[in-house]
10 protein chains.
Amino acid sequence: MLTKQEAADAVRQAKVKTGVTWAQLAEAVGKPLAWTTAALLGQHPMGKDEAATAAALLELGDDAALAFQLQPTRGALDAAVPVDPTIYRLYEVVQVYGPTIKELIHEQCGDGIMSAINFRLDVRRVPDPAGDRVVITLDGKYLPYQW
Amino acid sequence: MLTKQEAADAVRQAKVKTGVTWAQLAEAVGKPLAWTTAALLGQHPMGKDEAATAAALLELGDDAALAFQLQPTRGALDAAVPVDPTIYRLYEVVQVYGPTIKELIHEQCGDGIMSAINFRLDVRRVPDPAGDRVVITLDGKYLPYQW
Amino acid sequence: MLTKQEAADAVRQAKVKTGVTWAQLAEAVGKPLAWTTAALLGQHPMGKDEAATAAALLELGDDAALAFQLQPTRGALDAAVPVDPTIYRLYEVVQVYGPTIKELIHEQCGDGIMSAINFRLDVRRVPDPAGDRVVITLDGKYLPYQW
Amino acid sequence: MLTKQEAADAVRQAKVKTGVTWAQLAEAVGKPLAWTTAALLGQHPMGKDEAATAAALLELGDDAALAFQLQPTRGALDAAVPVDPTIYRLYEVVQVYGPTIKELIHEQCGDGIMSAINFRLDVRRVPDPAGDRVVITLDGKYLPYQW
Amino acid sequence: MLTKQEAADAVRQAKVKTGVTWAQLAEAVGKPLAWTTAALLGQHPMGKDEAATAAALLELGDDAALAFQLQPTRGALDAAVPVDPTIYRLYEVVQVYGPTIKELIHEQCGDGIMSAINFRLDVRRVPDPAGDRVVITLDGKYLPYQW
Amino acid sequence: MLTKQEAADAVRQAKVKTGVTWAQLAEAVGKPLAWTTAALLGQHPMGKDEAATAAALLELGDDAALAFQLQPTRGALDAAVPVDPTIYRLYEVVQVYGPTIKELIHEQCGDGIMSAINFRLDVRRVPDPAGDRVVITLDGKYLPYQW
Amino acid sequence: MLTKQEAADAVRQAKVKTGVTWAQLAEAVGKPLAWTTAALLGQHPMGKDEAATAAALLELGDDAALAFQLQPTRGALDAAVPVDPTIYRLYEVVQVYGPTIKELIHEQCGDGIMSAINFRLDVRRVPDPAGDRVVITLDGKYLPYQW
Amino acid sequence: MLTKQEAADAVRQAKVKTGVTWAQLAEAVGKPLAWTTAALLGQHPMGKDEAATAAALLELGDDAALAFQLQPTRGALDAAVPVDPTIYRLYEVVQVYGPTIKELIHEQCGDGIMSAINFRLDVRRVPDPAGDRVVITLDGKYLPYQW
Amino acid sequence: MLTKQEAADAVRQAKVKTGVTWAQLAEAVGKPLAWTTAALLGQHPMGKDEAATAAALLELGDDAALAFQLQPTRGALDAAVPVDPTIYRLYEVVQVYGPTIKELIHEQCGDGIMSAINFRLDVRRVPDPAGDRVVITLDGKYLPYQW
Amino acid sequence: MLTKQEAADAVRQAKVKTGVTWAQLAEAVGKPLAWTTAALLGQHPMGKDEAATAAALLELGDDAALAFQLQPTRGALDAAVPVDPTIYRLYEVVQVYGPTIKELIHEQCGDGIMSAINFRLDVRRVPDPAGDRVVITLDGKYLPYQW
């Protein structure tokens, strides 16, 4: 049996071998693009049919399909601070703008947080004459501190 | 003379005393809301007039206005991993979805990053019958690896 | 003006000087015991009247009352792992039983978390012939992963 | 021979394969739910019969039954600060409310601790019209500092 | 008012000025030597009379006597791993012999711990023709894991 | 060939299989109990005959006997701060009482340390009507700073 | 299939076996020296033909050629601070001269950074009568902070 | 008397007040630009005349001039990994390209290092139609391992 | 009263003011050069006369002379890994050659250590036509592991 | 093919099997004792003949001989701070005497370092009636800061 992390590695390798894209996987599975990617990278449990569909498209076996269904222990970085430049830029945003976001949430909503559980994520390339842009949308339910 | 961090603390205190909001400060300064907040929290240098306007509105002195113009040493967290729950949720998003965002940037754009320099940020409360949502938009120029 | 942390230190000192208890403070403020304690230790913002009541009872000044109303940057430990034995035992519970709690939440509720925001806490001494017990109740809303 | 950690992984996999629940395992073993879960995750040594019962129900072999009986080296997190969101919320409670709990133990009991050894744990889903709640009870003997 | 740590520093300085020894302080206070030393270094709260006696002997003021009575936040090392050689040797013993002590506690007593709360400590110089020895006795109640 | 750590793991497993105790191993080897335990856990090199005796009693092979004779790289904890509760209590003693022990060594002996090399360790269960106690004796040569 | 890191190790070994140099590899691949070295050490994805050329020259198989084409998770140090002396000297330069470089970028260009993405690197040995020198050129596009 | 760090802070403030540039300071002192900047930021000791010249130009007092002459304890980052984006990019270069630079030094020079002591640094803005570039030159003596 | 660390800082400043050297201080005090330097930097307690002599030569007051006599809490680095290049080279020697030194001590002396307590240190400049050398001698008593 | 670390482990094992000493290996190889030990522990690359001689004496195969010739990534400790007592004492010397050594290098030589590259090491047992001593000599070229 594969662990969820081993299954995630198998997915990355299978994508290179088969040429299947995340977008094709998401369409086949019938779920949003970012959710499907996160699930196949081991961060969400898939339903049985979703898992079977994804495994078939990636030409992976039953052990991968089973691993896709396991409850994950979430957390995908090897270290507290990521070193891959593409991921580090997100951490840099938290370092530079984290208190700004906190202030604006408190000013607009009160004392509370943006949920990272009741949450959805979108990543899009947006054409721009001065150079295309990557637009990442973090969309979570506002949760006020309630006693 | 105040350091940028001491000036940021003075801003937080002055907001409580005067009741001025980030939105009012941004409007007075004539810059986007998140930029103005970040600048007054010490993460961006302000122009001379912007600094004077903000200091006046907050009833702060010349030393604060001067500090607002200083070149910052950026980075606003006390530790590598934030412990304030409102800010931690952003770090959690990086931990759980960082590799997902990386995969989608590479699939949609190629080998590169979302810039955190040529970058803008927006934080909005979005009404929702199932509970209002916080929507954070990270919008950065795509930078391909180029030799 | 006092920071929230300085105000918390002043509270601890004033309690020794005046002999006022957390229970008396909670009753005067009209809020639950643990909430009042946490608020005066700098982890929750108080309302204006609550702050004035608490400051008066503790014979503290207006600057303390003002600090009690400030929005906190939460997180009360000096280090990632606490060293005070009374607090460390809570960390030990997380180390030893954290995955157990995770498994039982998932079995009883599905894929989600116990909220630490929509959350209340209770600490009680429970008489027991074999030695009295401390019973700590963590009571948070179940939040399922929702996309 | 399996280590306790490898046996815990085998338990998680066997639960998925066989569909056996923690509640069924606890009933078969005749021990409390949280204790049984913790023991099978490698945090408590089981008695010989308990181990055999659990292994049989999970369709695991003698090496797993033997591992269940080994004296554990306790501690179940991979890092000092957990990153899985379900477990992190417990750590967040320690960060935000740890000093509050310490103050209340001292006010109600004197200078001492809640034992994490003479200790029992309960996790329950509690129906609530505003959304069901997870209630975690930490129940440990009060131990005063005694010289 | 002095913090417990500032009072501990004042004690160290007053000992040099007055020439009073820990043994004399313990005798005057009427408590064991190691307890008295630990209390004056800020790790135990003293009773009112004990505090007054110690402060008088050390020619310290009322603020020190008050600080001696405060409830401590325990933990006396500046870093997780001590660097002072005299203290480091104790950490080295834990590094080299920790698992040995654990095995012997389990073999002699069962699954449990030596309490560090119901605990007493002794430090003695023992004459020895091959060079005098330091003998440190850690004496804590055995606490079995009990559910 | 086994590493010293693998041999230590094999010893733990063989003890469970054969039911041999640390006390029996120490008696057979003819060395003190704690030394024998530490040596078989990989912290001391054994002599050839001692190694052969221990391996035979534990029904382990020549590779284990050879590993017992290797010069160790000492240090038995996986992390700087131990998380197993039985071992953590020793670390807690260093955190809470380390400076106390340092002060008492300096008062009784002068500027120096308790050696952890010219050192012996004892762990005993001591009956006590109020609950049996674990008494750990650290007995090391006093070494004064000498230039 | 090989991971990128395993492929990098295979490259280092194959270079010793075959005697092929980085310079020869770069010439065969038709890319700059430093880029080719970084790519074969797992920090850049290669094109299909480049990968095949490099694998053939190093007498490595198809799995290595495939690994050379994979999208990397960048970051090549085992720890946050490198310990190899040749690499550490670069970290020392950042420690000692980092703020100097920051000040000079800001003085000459304004508020912004040197890109490490739109970036090229050169390493050359420069003859010098007082002892040859290593000259490393970091050449990145200036990116101003733009909102 | 000012510490070197306090003097560096005074320099940064004085530059804003007086409008003097690093280039003007370097010219007045008669030393290279990067050396002068590093020295005034506390990383190199200045000669007496250099210190006096710089202090006069910055309208700072004798205590600053004295501090400029002190032997530094080098190292200018607050943490092991820098968080300011302008400085982090240099760390990122070490993370991504460190092993590449090591390989090329070894291929071109043999087993040794680029000295960071017998070393000079240059930072220049280089016009480029595709966007100006920052070019940083690290130029250190090659030091072979010699026994 | 000054702490030992504040006294060490005062010594460094006084040396610059008075021009007194470590060699002159050692001669006046009548102790070895390295011991005197370490003592005045806060790592050894001085005798009363030694302290008075040193304070007088450095034109420091009675509080410095008193601080020189205090029992130190040893350990002089700000972080676990030093960043000052002159001190880092010593750490690099431990990183690169530590196991070598361990092997040679064990081969020449048996299972034991070089004492850092019964220890003396010497630092000398040794003329050499190929460039003068720094020779550091670590000279400690061999201590065998003895039970 | 063996990595350098695996080859170092094989050397340690082969020394026990064959009884060959580091001194015999150094003599056979024709290099200094400490250099030979460090090289076989993976910290220096050996020449082809040296590697063959050492492998033959240790009865190791061609893969070990090849590994001895590889360029090392230096650094031999598993953690930033060593825990093995024999190696820790060297780290303790850096902690306690590092700034002393730095001061004496600067007083005797000026602003610079002792090279750890143009460097040689010696470890000797020196007979002494009060107990034999271990004398470790660190002998490196003085390198002045030069721009």
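How many residue pairs are in polar contact between chain A and chain B? The count is 37 residue pairs, both residues of each at pLDDT 80 or more. A polar contact is a pair of N or O atoms within 3.5 Å; within protein, one atom must be able to donate a hydrogen and the other to accept it, and residues adjacent in sequence count only if both atoms are side-chain atoms.

The model is predicted: local features need pLDDT of at least 70, side-chain atom pairs count only at pLDDT 80 or more, and totals for chains, interfaces and linings use all residues. Residues are numbered from 1 along each chain as its sequence is written, chains are lettered from A and ligands numbered from 1 in the order in which they are written, and side-chain values use heavy atoms, with hydrogens and water left out.

Chain A is divided into domain 1 (4-69) and domain 2 (85-144). These bounds come from an automatic or database domain assignment. The C-alpha centres of the two domains of chain A lie 26 Å apart.

Chain A and chain B superpose with an RMSD of 0.0 Å. In chain A, A:T137 has the C-alpha nearest the axis, at 2.3 Å. Superposition is by least squares on the C-alpha atoms of residues with pLDDT of at least 70 in both copies. The same surface serves both copies, as 100% of the contact residues of chain A recur in chain B.

The contact between these chains takes 70 residues from chain A and 70 residues from chain B. Contact here means heavy atoms within 4.5 Å. The size of an interface is often given as the accessible area lost when the parts come together. Chain A and chain B bury about 6800 Å² between them. Carbon and sulfur atoms account for 64% of that area. Buried area is the accessible area (1.4 Å probe) that two parts lose on being put together, summed over both.

Between chain A and chain B there are 8 salt bridges. Each is a side-chain nitrogen of Lys or Arg within 4 Å of a carboxyl oxygen of Asp or Glu. One of them joins B:R133 to A:D139, with the closest N and O atoms 2.4 Å apart. On the chain A side, elements giving two or more residues include helix 1 (4-18), strand 1 (112-126) and strand 2 (133-144). Helix 6 of chain A gives the most, with 24 residues. Helices (H or I, at least four residues) and strands (E, at least two) are DSSP runs, numbered from the N terminus. The chain A side divides into 38 nonpolar, 16 polar and 16 charged residues. Ala, Val, Leu, Ile, Met, Phe, Trp, Tyr, Cys and Pro count as nonpolar, Asp, Glu, Lys and Arg as charged, and the others, Gly among them, as polar.

Chain E and chain I also meet. Their contact takes 9 residues from chain E and 10 residues from chain I. About 830 Å² is buried between chain E and chain I, 67% of it from carbon and sulfur atoms. E:Q13, E:V16 and E:D84 supply 44% of the area that chain E buries there, more than any other three residues. The count of salt bridges between chain E and chain I is 0. There is 1 residue pair in polar contact between them. Helix 1 (4-18) and helix 6 (85-109) of chain E each give two or more residues to the chain E side.
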